[in-house]
Amino acid sequence: MKIIVTGGAGYIGSHTVVELIAVGFQPIIVDNLCNSDVSNIQGIKEITGVDVQWYNVDCSIEKKLVEVFEKEEGIIGAIHFAAYKSVEESVREPEKYYKNNIGSLEVLLEQMKKHKVNNLIFSSSCTVYGTPDILPVTESSPFKKAESPYGETKQMCENILQKSDVKSISLRYFNPIGSHFSSLIGDCSADKPCNLIPIICEVAKGVREKLIVNGDDYNTIDGSCVRDYIHVVDLAKSHVSALHYLLKNPKKDVFNIGTGKGLSVIQAISCFEKANDKKINYSIGHRRDGDVEEIYSDNAKVEKLLNWKAEISVETAMKDAWNWEKMKVK
Ligand code: NAD
Ligand code: WQD
């Protein structure tokens with residue numbers, strides 16, 4: 001069964017392609033490598049032994065995406081990862097984010113309708129909840145004001161999907177971390193990392209002198225912010241579960257994809273230190289503007305309906321994150 005995977009050369013996309021192949025789907029990658037590397041495609045081939053089909057195409061350009069749909073007969077669904085994802089950059093260049101993140105979804109939906117392809121899994125984010133009032137957050141928690149234009153694009157895309165004729169599932173990822181245990185695929189983002197775990201890895205490697213903890217005066221277990229860190233392989237597997245569910249239940253739905261457990265920044269540092277027997281140099285700094293104090297997922301719905309739950313420990317995720325960092329050439 002052929003599945004279009006936009007952004008399939010990226011961090012989460014490449015891991016998902018591996019899991020799709022493992023259960024017998026035939027992924028067709030559509031990725032222009034604007035924020036990834038061909039080495040991830042090579043890595044997928046090495047892990048799976050399958051020469052995965054890849055189109056070096058910008059999926060926000062209609063006439064390019066048309067060619068893929070016309071060439072590939074028998075497509076039964078799509079997973080849409082392709083988007084820009086830097087929160088910081090989205091504040092500096094919001095239009096770039098509206099254009100790519102919303103534009104690519106609109107173009108994809110148009111082609112799906114035209115070719116009668118009716119199953120779409122969309123990469124959403126827990127950022128749609130903004131700062132939640134109640135923890136853990138359930139799928140029925142309201143969208144609060146987005147903290148960034150990036151967050152706004154995810155809210156807008158989910159709204160577009162609600163109005164579309166195409167059946168879809170939006171997966172609201174919490175904080176994906178780690179890499180495939182082989183270290184053959186991972187996050188190849190062009191930008192300097194801004195996320196916590198990649199920064200911890202850079203400090204461990206000596207590329208960065210120290211980590212600044214963005215505030216220790218929040219109302220949390222130790223004063224630092226709390227997140228729900230999920231291993232990217234667990235996250236990848238949730239797409240397979242969502243696809244199976246959507247094929248059997250043609251409707252629209254949304255699911256949180258997290259572990260259900262919160263970890264503070266200081267706990268994350270200490271978990272990395274223990275898992276990898278490495279000391280991390282850090283100090284306490286100021287709060288980061290717009291930071292959410294605490295967020296973690298309520299998994300009741302996803303466990304019940306998709307029969308999926310995260311299985312890999314956060315310690316393993318920290319080890320895999322460090323192994324990927326050590327392997328990285330750039
Ligand atoms: P990524 O940047 O590694 O992957 C995105 C991929 O899409 C890249 O390979 C990039 O080259 C490609 N791409 C972007 N625009 C494209 C276009 N117009 N045409 C073709 N290819 C294009 O990012 P990721 O971390 O794998 O994220 C995947 C998705 O998950 C994104 O939609 C992101 O917003 C969402 N998400 C990510 C996180 C996270 O923390 N990584 C959290 C929540 C949601
Ligand atoms: C985690 C915690 C930081 C760096 C972002 C996006 C979100 C989603 C995931 C896509 C925060 C703290 C970080 C540092 C620190 N992406 N931190 N020192 O903020 O949960 O979410 O990525 O959808 O949309 O906003 O993740 O990894 O940036 O931060 O103390 O040097 O680590 O302040 O509290 P976040 P993060």
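Visitor: Which ligand has an oxygen atom 2.8 Å from a backbone N or O atom of Asn 214?

Guide: That is ligand 2, one of whose oxygen atoms lies 2.8 Å from a backbone N or O atom of Asn 214. The pair is a polar contact, meaning N or O atoms within 3.5 Å of each other, where contacts within protein also need one atom able to donate a hydrogen and the other able to accept it, and residues adjacent in sequence count only if both atoms are side-chain atoms.

Visitor: And what am I looking at, experiment or prediction?

Guide: This is a predicted model, in which local features need pLDDT of at least 70 and side-chain atom pairs count only at pLDDT 80 or more, while totals for chains, interfaces and linings use all residues. Residues are numbered from 1 along each chain as its sequence is written, chains are lettered from A and ligands numbered from 1 in the order in which they are written, and side-chain values use heavy atoms, leaving out hydrogens and water.

Visitor: How many residues surround it, and of what class?

Guide: Ligand 2 has 19 residues around it, the closest being Ser 125, Tyr 150, Arg 227, Arg 288 and Asp 291, where a residue is near if one of its heavy atoms lies within 4 Å. By class, the shell has 11 nonpolar, five polar and three charged residues, with Ala, Val, Leu, Ile, Met, Phe, Trp, Tyr, Cys and Pro taken as nonpolar, Asp, Glu, Lys and Arg as charged, and the others, including Gly, as polar.

Visitor: Which element gives the largest share of that shell?

Guide: That is β8, with three residues; α7 (196-205) and β8 (211-213) each supply at least two. Helices (H or I, at least four residues) and strands (E, at least two) are DSSP runs numbered from the N terminus.

Visitor: Over to ligand 1, then. Which residues come nearest?

Guide: Of the 27 residues around ligand 1, the nearest are Asp 31, Asn 35, Ser 36, Asn 100 and Tyr 150. The shell divides into 13 nonpolar, 10 polar and four charged residues, and β5 gives the most, with three residues.

Visitor: New topic: Glu 158. Buried or exposed?

Guide: Glu 158, which is in helix α6 (residues 149-163), counts as buried because its relative accessibility is 3%; buried means under 20% relative accessible area, exposed over 50%, and partly exposed in between, with a 1.4 Å probe and protein chains only.

Visitor: What does it touch in there?

Guide: The side chain of Glu 158 makes a 2.6 Å polar contact with the side chain of Ser 124. Leaving out residues up to four places away in sequence, Glu 158 also touches others, among them Phe 122, Val 128, Phe 143 and Arg 172, contact meaning heavy atoms within 4.5 Å.

Visitor: How many salt bridges are there?

Guide: The count comes to 15, using a side-chain nitrogen of Lys or Arg within 4 Å of a carboxyl oxygen of Asp or Glu as the rule. Side chains of opposite charge can pair when their charged atoms come close.

Visitor: Which helix and strand does the Asp 253 and Lys 301 pair tie together?

Guide: Asp 253 and Lys 301 meet with N to O at 2.6 Å, and because Asp 253 lies in strand β11 (residues 252-257) and Lys 301 in helix α10 (residues 300-306), the pair ties together parts that are 48 residues apart in sequence. Asp 253 is buried, at 12%, whereas Lys 301 is partly exposed, at 25%.

Visitor: What about Asp 133, buried or exposed?

Guide: Asp 133 is exposed, with 65% relative accessibility, and forms a salt bridge with Lys 144, the closest N and O atoms being 3.0 Å apart.
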